[in-house]
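Me: I have a model open and want to go through a few of its parts. Can we start with a helix?

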Amino acid sequence: MDRYARWNALLEMLTDSGRVSVEEAAERLSVSQATIRRDFDQLAQQQMITRTRGGAVANGVSYDLPLRYKTAKHSAEKQRIGTAAAALVSPGTVVGLNGGTTSTEVARALAVRPDLNTSAEGAQLTVVTNALNIANELLVRSRMKVVVAGGVVRPKSFELVGPLGGALLREVTLDVALLGVDAIDPQLGAAAHHEGEAAMNSLMVARAKRVVIIADSSKLGGHAFARICSVDRVETLVTDSGANPEVVAAFRAAGVHVICA
């Protein structure tokens, strides 16, 4: 287990229980207590946790972890979701893509599709994104046209938020918006933890002919602070095979096409 995966696991423990001792963490992660102490010290320096005698307590920040700490969580499922969502994209279309780990997997899957990377006139894909890491993934690995919405960078997600990006999004039309979310519920709709991200995502929804939500099964049936859109605006939900069948059935009953990758 590398350092970021270990930190992610420690932050999840603290989110679940609020307090974790060095001994407990070392036993659960099968590493030395000295390693856990160093991890706790480094996380405390970044104000992610509060160190205590013999352990650590949660700061509350861990509910919205920086992107670099989320990469190890549900990684296999997110890769399958990314491939399935990318398969919904046709050459020559304009795609909106927000930030997040699942969206990153979609970008990677799009970047390696030969039919989307041809230099022939009219066959090139255009991607509109407000995420700096997504733009980088596509620029270095493909020949696609990449349009980046402006704004202020959120270091936790590498997403640009605020009125500058909104001004650009109001001037474009998207064939499809592929959106990663923090939660999606059959009644409450799609939502994000941060209101700035939710606002940018809502603009993408408003400018898109089709809306595809990409979310691993842990996000289904959950809720988050800021609403992105209602379920009736969602055409397709791409999730993983671990999704609760009852929740999947509820989405389908609401008229959403569900793909379990």
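Me: How many residues has α5, and what does it reach from its first C-alpha to its last?
Reply: This is a predicted model. In it, α5 has twelve residues and reaches 16 Å from its first C-alpha to its last. That is close to the 16 Å expected at 1.5 Å a residue.

Me: Which residues in α5 are buried?
Reply: Lys78, Ile81, Gly82, Ala84, Ala85 and Ala86.

Me: Moving on to Thr93. Where does Thr93 lie?
Reply: In the loop between α5 (75–86) and β4 (94–97).

Me: Buried or exposed, and why?
Reply: Thr93 counts as buried because its relative accessibility is 17%, and the cut-off for buried is under 20%.

Me: What does the side chain of Thr93 reach?
Reply: The backbone oxygen of Ser90, at 2.6 Å. Leaving aside neighbours within four places in sequence, Thr93 is in contact with Leu125, Thr126 and Asp175.

Me: Now the largest nonpolar core. Which residues touch the most other members?
Reply: Ile184, Ile213, Ile228 and Leu237, out of 32 residues in that core. Elements that each supply at least two of its residues include β9 (174–180), α9 (195–207) and β12 (208–214). The largest share comes from α9, with five residues.

Me: And what does Ile213 touch?
Reply: Not counting residues up to four places away in sequence, Ile213 touches Leu179, Val181, Ile184, Ala190, Val234, Thr236, Leu237 and Val238.

Me: What lies apart from that core?
Reply: Another core, of 24 residues, lies apart from it; among them are Ala86, Ala111, Met144 and Leu178. Ala86 is also one of the buried residues in α5.

Technical notes: Residues are numbered from 1 along each chain as its sequence is written. This is a predicted model: local features need pLDDT of at least 70, side-chain atom pairs count only at pLDDT 80 or more; totals for chains, interfaces and linings use all residues. Side-chain values use heavy atoms; hydrogens and water are left out. A nonpolar core is a set of buried Ala, Val, Leu, Ile, Met, Phe, Trp, Tyr and Cys residues joined through side-chain atoms within 4.5 Å. Buried means under 20% relative accessible area, exposed over 50%, partly exposed in between (1.4 Å probe, protein chains only). Helices (H or I, at least four residues) and strands (E, at least two) are DSSP runs, numbered from the N terminus. Contact means heavy atoms within 4.5 Å. A polar contact is a pair of N or O atoms within 3.5 Å; within protein, one must be able to donate a hydrogen and the other to accept it, and residues adjacent in sequence count only if both atoms are side-chain atoms. The expected span of a helix is 1.5 Å times one less than its number of residues.
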